Amino acid sequence: MSENATDRLDAVQAEIDKACKIARRKPEEVTLVAVSKTHPARDIVPLLEAGQRVYGENRVQEAQGKWPVLKEQFSETQLHLVGQLQSNKAEDAAQLFDCIHSLDRPSLVKALGKAFDKTGRQVPCFIQVDIGEEEQKGGCAIADLPDLLEQARAADIPVLGLMCVPPFGIESAPYFALMAKIADDHGLQGRSMGMSGDYPTAIMLGATHIRVGTALFGQRD
Ligand SMILES: *Cc1c(COP(=O)(O)O)cnc(C)c1O
């Protein structure tokens with residue numbers, strides 16, 4: 001992997017273009033969320049300077065420490081929350097984030113509904129589904145999705161689509177295909193799927209948002 005952040009961004013963009021070409025999709029249909037968790041502002045600035053405007057963080061507190069200043073410096077920057085959200089942090093998340101990928105339970109629907117009313121911000125959300133039926137992972141059970149979706153809509157939460165993190169270490173394509181089908185079944189357009197190891201596959205299977213960390217920033221400690 002290149003030492004230079006701009007080169008790494010170019011390489012990821014080239015992979016995105018290649019996958020889109022094979023899938024006969026337009027690269028504009030795929031949003032690259034650069035996952036900057038654990039990386040300090042000085043590692044993020046070169047990507048901001050290269051024009052990358054959408055970033056992902058997995059902890060509210062860490063994001064609060066890094067992003068208010070960067071968002072002010074680089075206009076039009078969008079911050080996405082890709083990690084689990086505790087209900088007591090819903091209001092902080094509503095203030096700082098422009099998209100939430102981890103809506104996964106009724107208590108969080110309630111907390112976010114309240115937070116959006118209070119802050120006046122309706123942050124678009126993805127519902128995270130536990131696509132591999134793994135207990136320890138976040139995400140709502142596939143069987144619970146219809147109810148959760150209905151509750152989110154009743155609470156006026158804008159639902160863009162579904163998000164998943166497939167089981168680690170095995171081929172993710174079947175899980176991406178399954179999530180795309182479930183999204184289709186519910187008339188949802190957004191598909192947040194694919195990370196550094198599998199984003200070209202995710203794009204070929206219909207991802208609208210890919211969440212890429214390591215391929216852009218290098219290994220995390
Ligand atoms: C860290 C993280 C990513 C990025 O993973 P990489 O393998 O570093 O690209 C994507 N999605 C979620 C939910 C994450 O927590």
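**Strands, cysteines and the ligand**

Let's start with a pair of residues: Ala 34 has Tyr 55, in strand β2, as its bridge partner. Getting from β1 to β2, the chain passes through helix α2, residues 41-49, in a right-handed β-α-β crossover. Right-handed here means that, with the strands pointing away from you, the path from the first strand over the helix to the second runs clockwise. Helices and strands, by the way, are DSSP runs numbered from the N terminus, with at least four residues (H or I) for a helix and at least two (E) for a strand.

Before I go on, this is a predicted model, so local features need pLDDT of at least 70 and side-chain atom pairs count only at pLDDT 80 or more, while totals for chains, interfaces and linings use all residues. Residues are numbered from 1 along each chain as its sequence is written, and side-chain values use heavy atoms, with hydrogens and water left out.

Back to the strands. β1, residues 31-35, runs parallel to β2, and two bridges join them; strands pair if DSSP finds at least two bridges between them. On its other partner, β2 pairs with β3, residues 78-81, in the parallel sense over four bridges. Tyr 55 turns up again here, opposite Leu 79 in β3. Between β2 and β3 the chain crosses through helix α3, residues 60-73, and this β-α-β crossover is right-handed.

Which way do the residues of β2 point? Val 54 and Gly 56 go one way, Tyr 55 and Glu 57 the other, and all are buried. Buried is under 20% relative accessible area, exposed is over 50%, and partly exposed is in between, using a 1.4 Å probe and protein chains only.

Now have a look at Ser 36, in the loop between β1 and α2. Ser 36 counts as buried because its relative accessibility is 0%. Its side chain makes a polar contact of 2.7 Å with the side chain of Glu 57. For a polar contact we want a pair of N or O atoms within 3.5 Å; within protein, one must be able to donate a hydrogen and the other to accept it, and residues adjacent in sequence count only if both atoms are side-chain atoms.

His 101 sits in strand β4, residues 99-103, and it too is at 0% relative accessibility, so it counts as buried. Its side chain is in polar contact with that of His 80, at 2.8 Å. Leaving out residues up to four places away in sequence, His 101 touches several others, among them Val 33, Phe 126 and His 209, where touching means heavy atoms within 4.5 Å.

What about disulfides? The whole structure has zero, taking a disulfide as two cysteine sulfur atoms within 2.5 Å. Cys 99 has its nearest cysteine sulfur in Cys 125, 7.0 Å away.

Last stop, the ligand. Residues around it include Val 35, Met 163, Arg 211 and Arg 220, each with a heavy atom within 4 Å. Ser 196 puts a polar side-chain atom 2.5 Å from a ligand oxygen, and a polar side-chain atom of Thr 214 is also 2.5 Å from an oxygen atom of the ligand. With Gly 213, a polar backbone atom is 2.8 Å from a ligand oxygen.
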